[in-house]
Amino acid sequence: MTIAATSGEPSTTAGGHACTDVPVAAPGDTVGAVLARMRGRRFASVAVVAICEGPELAGLLTIEKLLAAEDAATMAQIMDRDPPTVVGDQDQERAVWAALGHDEPGLAVIDDQRRWMGVIPPQRLLSVLLAEHDEDVARLSGYLKSTAGARSASTESVRRRLWHRLPWLLVGLAGSMLAAGVVDAFQAQLERQVLVAFFIPGIVYLADAVGTQTEALVIRGLSVGVGIRRIVWRESVTGLLIGVLIAAAAYPITLVFWHDAAVSAAVSLSLLAACSVAAAVAMALPWAFSRLRVDPAFGSGPLATVLQDLISIFIYLWVSTAILG
C-alpha cells in the first residue's frame, strides 16, 4: 500500500494512513472515461474514487455507484459532494469512527485548506480499529500503554509479564486488606446474623459488573472525543435504573430461598446503592485521569475495581447493620 509521502504525519494520525494509490478523477470526467483509465491498472484500493478539482477534494464516489452509472454521466452528477473527511493531523481512532459513523468504505484525508492528501482504504480502517481495540483492552487491564505492547504481550517473557502486571495487582492486594478491615469492623453484626455474609460476593460482583460496563463506555467515548458532559447524565440515570431493577429482582428471590425479609431488604437496598455508586466511580476515575493528562484507560480499570469493591462492601454491611440492628 502506498502511503502519502507528502503528509509527513506519524502513523497514529489520519494523515499517516492516507493512501494516494487510488483512482482519481475530475468532476467533469465521464464514467466511461474513468473506467477506461482504470482498466489494466492496479491500485492499492478501488473502494472509492477521489474526485478532485485541482488540488482540492470535490467529492467521493464508491466503486459500486461508478459501475452502476451510465457511461455518459459525469463525476459531478453522481459523486457525494459532502463526504466524511478528516484533517491529516487528526487522531487515527477518531478517523476510523468518523468513517464508520457515515457507513463509508473509505475516508478522505484533507489538510486545513481542503487539499486532498489521500484516502484511508477499508483494509487500513480495519487494521487501525483492531490495533486500537488491542490497545484499549491492554490499557483497561492496567498493564500496557501502547499498541505495540498490546500486540507483544502474549509472547513476552515471564519477567516482563510480572513487571507489567504486578504493580496493579499489588494495588489490588492493598485493597483486599482494606476490604478485610471493613468486614472486621462489622464482625459483631456478622456473628449475630451469619446469613448477611452469604451475599457479599454477589453484591461485589454485580457492582463490579456495572462499573466495568460504564467504564468501558466512558473510556471509549473519551478516546473518540465525546466529552464527559455528554455521558454523565445518561449513564448516571442508567446506573440508577439498573440498580433499581436488580434490587427489585433480588428481593423476591432472596426472600423465597432464605425466608428473611430484613436480610432481603438489606440486600436489595445495598444493590441499589452499590450499583449506582459503581457507575459514578467508573465515570469519575477516567475523567480524573483525563484531566491530569494521563491516559484514562491506563490503570483506571484496576483502581476502579478496588474502589468499587471497598465501597460495595461498606455499603452492604452498613445498610445491614442499620436494618437488622
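# Salt bridges, strands and cores

Trainee: Arg-37 first. Is Arg-37 buried or partly exposed?

Mentor: Arg-37 is partly exposed, at a relative accessible area of 41%. Buried stands for under 20% relative accessible area, exposed for over 50%, and partly exposed for what lies in between, with a 1.4 Å probe and protein chains only. Bear in mind that this is a predicted model, in which local features need pLDDT of at least 70 and side-chain atom pairs count only at pLDDT 80 or more, while totals for chains, interfaces and linings use all residues. Residues are numbered from 1 along each chain as its sequence is written, and side-chain values use heavy atoms, with hydrogens and water left out.

Trainee: Which side chain does Arg-37 meet in a salt bridge?

Mentor: Asp-29, with 3.1 Å from N to O. A salt bridge here is a side-chain nitrogen of Lys or Arg within 4 Å of a carboxyl oxygen of Asp or Glu. Asp-29 counts as partly exposed too, at 21% relative accessibility.

Trainee: How many salt bridges does the structure hold?

Mentor: Two. Asp-111 and Arg-115 form a salt bridge, their closest N and O atoms being 2.6 Å apart. Asp-111 is buried because its relative accessible area is 17%, whereas Arg-115 is partly exposed at 39%.

Trainee: Back up a bit. How many helices and strands does the protein have?

Mentor: There are 13 helices and six strands. They are DSSP runs numbered from the N terminus: H or I for helices, at least four residues, and E for strands, at least two. Of the 325 residues, 44% count as buried.

Trainee: Where do E1, E2 and E3 sit relative to each other?

Mentor: They form an open sheet in the order E1-E2-E3, with mixed pairing. Two strands pair if DSSP finds at least two bridges between them. E1 (24–25) and E3 stand at the edges with a single partner strand each, so one side of each has no neighbour in the sheet.

Trainee: What sense does each pairing have, parallel or antiparallel?

Mentor: E1 and E2 are parallel over two bridges, with Val-24 opposite Ala-50 in E2. E2 (residues 48–53) and E3 run antiparallel and are joined by six bridges; there Ala-50 stands opposite Leu-60. Their hairpin has two residues between the strands, and Gly-54 takes a positive phi near 70°.

Trainee: What is the phi of Arg-114?

Mentor: It is near 65°, a positive value in a residue other than glycine. Most residues other than glycine have a negative phi. Arg-114 lies in the loop between E5 and E6 and is partly exposed at 29% relative accessibility. His-259 also has a positive phi, about 55°, without being a glycine; it is in the loop between H11 (229–258) and H12, and is exposed at 65%.

Trainee: Change of topic. Which residues have the most contacts inside the largest nonpolar core?

Mentor: Phe-199, Ile-200, Ile-203, Val-267, Ile-313, Tyr-316 and Leu-317, in a core of 22 residues. The elements giving two or more residues to this core are H7, H9 (195–198), H10 (200–223), H12 (261–291) and H13 (300–324). A nonpolar core is a set of buried Ala, Val, Leu, Ile, Met, Phe, Trp, Tyr and Cys residues joined through side-chain atoms within 4.5 Å. A second, separate core has 16 residues, including Ala-25, Val-49, Ile-51 and Met-75.

Trainee: What does Phe-199 touch?

Mentor: Leaving out residues up to four places away in sequence, Phe-199 touches Thr-254, Trp-258, Val-263, Val-267 and Tyr-316. Contact means heavy atoms within 4.5 Å.
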